[in-house]
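Hi there,

Here is the structure I promised to pass on.

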Amino acid sequence: MDYIFQPCRALPAAARKPGQQARFMKQYRDHYFLKAKRENYPARSVYKLKELDAKFRLLRKGQKVLDLGAAPGSWSLDAAEKIGPHGLVLACDLQAVDTVFPPQVVFIQEDVFNRSADFEARLDALGPFDAVLSDMAPRTTGIRCTDQARSLELAEEALALACLRLKKGGNFVVKIFMGPDVQSLLTAMRKRFASVTSFKPKSSRSESKETFLVGIDFQKSTPD
Ligand SMILES: C[S@@+](CC[C@H](N)C(=O)[O-])C[C@H]1O[C@@H](n2cnc3c(N)ncnc32)[C@H](O)[C@@H]1O
């Protein structure tokens, strides 16, 4: 996680040595962290979506967007700007948010693995969507294969939801912690989208294992 208002997390072991903490904290409060603070976004992750959108032209005026794992709300704010007042963002996260959204954003506290009847009703009423975005990430344990497996489960659930809720021709972005099992997700996406690309934004920390898979032009065909 890289929330602006929650910068205190465990530092790398090297940074725990006396005298090195200040240098690491300076790096931690990096260019994108400070830029997000200046530009009033609640998380630096907003620049990942901006880069993804600049490269893949994902968001346009008047579109409907489903934002999964939306807290604290940077992606939803950016998507709301791009789609404008006549578009709609349906955003959900396990966690509540205190970000003030514009009227075109509807935020619901929700677990994607255990979706409530109310959320499904909103999906029915507000969808289908032009884009499904998932920046969902598991609570990390530090055990690489566990974190990768949990990230993959989230990404697979995001893909399942996208397949149910995207318009034909729609686009899908999903964050994934890279690991050996990502191939299965790529294969599943290639069956559903005209093109699938892996992209690591410059604003993603180089030490992070995360990357984004981007599916363009949803085909709505049955996968197998
Ligand atoms: C990196 S943060 C998202 C940041 C967000 N895109 C932004 O720009 O503000 C990842 C989010 O995924 C959420 N998440 C993890 N598992 C989830 C689940 N099962 N259902 C919904 N959200 C989940 C976490 O609560 C966390 O807020």
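Residue numbers start from 1 along each chain as its sequence is written. This is a predicted model, in which local features need pLDDT of at least 70 and side-chain atom pairs count only at pLDDT 80 or more, while totals for chains, interfaces and linings use all residues.

**The ligand site**

Of the 24 residues around the ligand, Gly-69, Ala-71, Ser-74, Trp-75 and Asp-135 come nearest; a residue is near if its C-beta atom, placed from the backbone, lies within 6 Å of the molecule. Helix 4 (74–83) and strand 2 (88–93) each supply at least two residues of this shell. Helices (H or I, at least four residues) and strands (E, at least two) are DSSP runs, numbered from the N terminus.

**The overall picture**

The protein has seven helices and seven strands, and from the N terminus on they run α-α-α-β-α-β-β-α-β-α-β-α-β-β. Of its 224 residues, 35% count as buried. Buried means that 20 or more other C-beta atoms lie within 10 Å of the residue's own, exposed means 12 or fewer, and partly exposed is in between, with C-beta atoms placed from the backbone.

**Strand 4 and its partners**

Six of the six residues of strand 4 (residues 129–134) are buried, so this strand is largely enclosed by the rest of the structure. Strand 4 runs parallel to strand 1 (residues 64–68), with four bridges joining the two; strands pair if DSSP finds at least two bridges between them. Here Leu-66 has Val-132 of strand 4 as its bridge partner. Strand 4 also pairs in the parallel sense with strand 5 (residues 166–177), over five bridges, and Leu-133 stands opposite Val-173 in strand 5. Between strands 4 and 5 the chain crosses through helix 6 (residues 144–165), making a right-handed β-α-β crossover. Right-handed means that, with the strands pointing away from the viewer, the path from the first strand over the helix to the second runs clockwise.

**Helix 6**

Helix 6 has 22 residues and reaches 31 Å from its first C-alpha to its last, close to the 32 Å expected at 1.5 Å a residue; the expected span is 1.5 Å times one less than the number of residues. Its buried residues include Ser-151, Leu-154, Ala-158 and Cys-163. The buried residues of helix 6 pack against strand 1, strand 4, strand 5 and helix 7 (182–192), where contact means C-beta atoms, placed from the backbone, within 7 Å.

**Backbone details worth a look**

Most residues other than glycine have a negative phi, and most peptide bonds are trans. The peptide bond from Ala-71 to Pro-72 is cis, with omega near 5°, and Pro-72 is found in the loop between strand 1 and helix 4. Gly-127 and Pro-128 are also joined by a cis peptide bond, with omega about -5°. Asn-40 has a positive phi, near 65°, and counts as exposed because it has 10 C-beta neighbours inside 10 Å. Arg-57, which follows helix 3 (residues 46–56), has a positive phi near 50°.

Best wishes

Technical notes
Two residues are in contact if their C-beta atoms, placed from the backbone, lie within 7 Å.
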